[in-house]
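I opened this notebook to record what I looked up, in the order in which I looked. The entries begin with the chain as a whole and end with a single residue.

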Amino acid sequence: MSHELGAFVRRSAALVVQPRMGFATAGAMRAGLAAVRGAGLPAVGTITLDSYTRVGDHAAARRALDGGRPLNGFPIVAHGPAVTDAVLDGLAGPDFPVQVRHGSAVPGDIVRAMERSGLVNTEGGPVSYCLPYGRTPLAESVANWRRAADLLAARDEVCHVETFGGCLLGQLCPPALLVAVSVLEAVFFRQRGLRSLSLSYAQQTNAAQDLEALAALRSLATRLLPGVRWHIVLYTYMGVFPRSESGALRLIADSARLAVRGGAARIIVKTSAEAHRIPTVEENLRSLRLVHDTAAATGPGTGPVPDTGLAAEATALVEAVLSLDPDVGEALILAFRLGLLDVPYCLHADNAGRTRSVLDSRGRLRWASVGRLPLPRLASGARRVGAADLLRMLSAVERRYDHHHQPAPLTGAPTLVEGTQ
Amino acid sequence: MASVEGMEKPVAAQGKSRGRVLVSSVSSDSHTWNLVYLQLLIEELGFDVVALGACVPDALLVDACLHHDPDAVVLSTVNGHGALDGARVARVVRAIPALAALPMVIGGQLGVAGTADSALGTELLDAGFTAVYPAGSDPMRLAGFLSVLSEELPQKMLPEKVLA
């Protein structure tokens, strides 16, 4: 019977929960999966790969394993099929699908390693696994993801792919662009023959805006993915995380409520250790239970979400891109070249870098400059964003949850580097 | 007032630059918010910034150091591989005679174990870094470090290096 994630999610009446989890060694990886499977929750297991495997440097991953040096995930290619099979043996199954998450713009080796071990669920996208993740040219990423999607679509088992387009850099991206890229990547995968998909959206800075975004995502997916079985997957906040345990747990619980009210069928959680280090298995389990319990106590959304124009923006972006070329991959390449898609603060060489975003006084994400996006010009003109502004915006959610009900303090020494992903 | 594109524009275009700083990640780290922030901060301190972005291979960093001839190199990394990748690239850079004395610092989440990683600093200094700023360091320490460098520039550096 299939280990496919989409079918499992359809069978579950409750919100399906899933950790972000990856360990270097087979023993730790298997123990982590076994703990999630044994938690008594409707849960999907995660194998997050390490950064060396993501960039295709399997030799460096091998050296780190041989030297007993820590890695930030499971090096599936360096380990090889026998080790991966032993990790999965008796754990992965129809009642416990396992998904491979990696962030690679060069996913060929990873997809082939998945096939050798019977793994059918993964995540990615030609844009979202390229622009935020390094130096691979977008056109190469599109070509690589075409081949990877074709390999997955050609397998006998049904394979499930989740878009990462609803996250991109994790924070400070206006939600209309997140929705548009998530939908466009799903349309790309559909065009390559995949028929089981999920569309991601990452919790941002304002719950009402997030609900509006999830409604727009649902509406566009309904229209543009005929013949595909799909669901929406919400990511707990992917930006700078609260440092206090209580603040982190409040943010995680709010993401569970957002998932239920916004109609997501699955949620990928963070933990209270997020701001400090890679979490332990026990911290992951506590988080999964918190999200499950909070979701169970949350009623579905009531009535329509107030329309501030987010759906119209997302639709304009998607339609502009799809009109460029009948091949969605080519359309995506052209769209970035023309600046019709342009991710704020993204340093990738193929991103035009003409857009900027800001947080307004209500905590909503807004455009500060639309660059050449097919959106109305801003009446107020473009705004400059300095280092202090950027740091204040990046840490706004952290401050709100760490200092509950207090105005955001402007004092104190910010840390040298921020950002988790 | 600068435009929103001011981020990519060298400060020297608006006035006299205090020097040129190369900002980069290490080979396996894809995170960029740290790099975007540091570029803005260092530009606001009056330096020109050459930004190499994420996932910078060792050879590209070396080529950029030789080509741009920076007054300092700032490496920033948060994926937990900083100690491994940082120490390796520092040895590669230091092995090149022209770069043996180049001020080069690293900061960020240098290992996967949070505060338990404090011992990694010594390893990175031994590998050739001039300074190490573990997670939680005040960015003003970096500002201070760069200021000291720029004050030394007139004695130490050739004029064409000061004027970008």
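**Entry 1, the chain as a whole.** I note at the outset that I am working from a predicted model. I looked up the secondary structure of chain A and found 16 helices and ten strands. The radius of gyration of chain A is 20 Å, close to the 22 Å that the globule rule gives for 421 residues, and I therefore record the chain as being as compact as a globular protein of that length. Along the principal axes, the C-alpha atoms of chain A fill a box of roughly 60 × 50 × 45 Å. I also looked up burial, and 57% of the 421 residues of chain A count as buried. Among the contacts in chain A with a separation of 6 or more, 73% are between residues 24 or more positions apart.

I turned to helix 9 of chain A, residues 175–191, and its packing on helix 13 of chain A, residues 310–322, where the axes lie 8 Å apart at an angle of about 40°. That angle makes helix 9 of chain A oblique to helix 13 of chain A, and the crossing of the two is right-handed. From helix 9 of chain A the contact includes Pro175(A), Val179(A) and Val183(A), and from helix 13 of chain A it includes Leu310(A), Glu313(A) and Leu317(A). When I sorted the residues of this contact by class, I had twelve nonpolar, no polar and one charged.

Which residues does Arg364(A) touch, not counting residues up to four places away in sequence? I first located Arg364(A) in the loop between strand 9 (355–359) and strand 10 (365–370) of chain A. Arg364(A) has 19 other C-beta atoms within 10 Å and is therefore partly exposed, since a residue counts as buried at 20 or more. With that exclusion, Arg364(A) touches Thr205(A), Asn206(A) and Gln209(A). For Thr205(A), I noted a separation from Arg364(A) of 159 residues in sequence and 6.2 Å in space, C-alpha to C-alpha.

Notes:
Residues numbered from 1 in each chain as written. Chains lettered and ligands numbered in written order. Predicted model: local features only at pLDDT ≥ 70, side-chain atom pairs only at ≥ 80, totals over all residues. Helix = DSSP H or I, 4+ residues; strand = E, 2+ residues; numbered from the N terminus. Rg over C-alpha atoms; globule rule 2.2 N^0.38 Å. Buried ≥ 20, exposed ≤ 12 C-beta atoms within 10 Å, placed from the backbone. Contact = placed C-beta atoms within 7 Å. Axes fitted to C-alpha atoms, helices over the stretch in contact; angles between N-to-C directions. Parallel < 35°, antiparallel > 145°, perpendicular 65-115°, else oblique. Left-handed = near helix turned anticlockwise from the far one by under 90°. Nonpolar A, V, L, I, M, F, W, Y, C, P; charged D, E, K, R; others polar.
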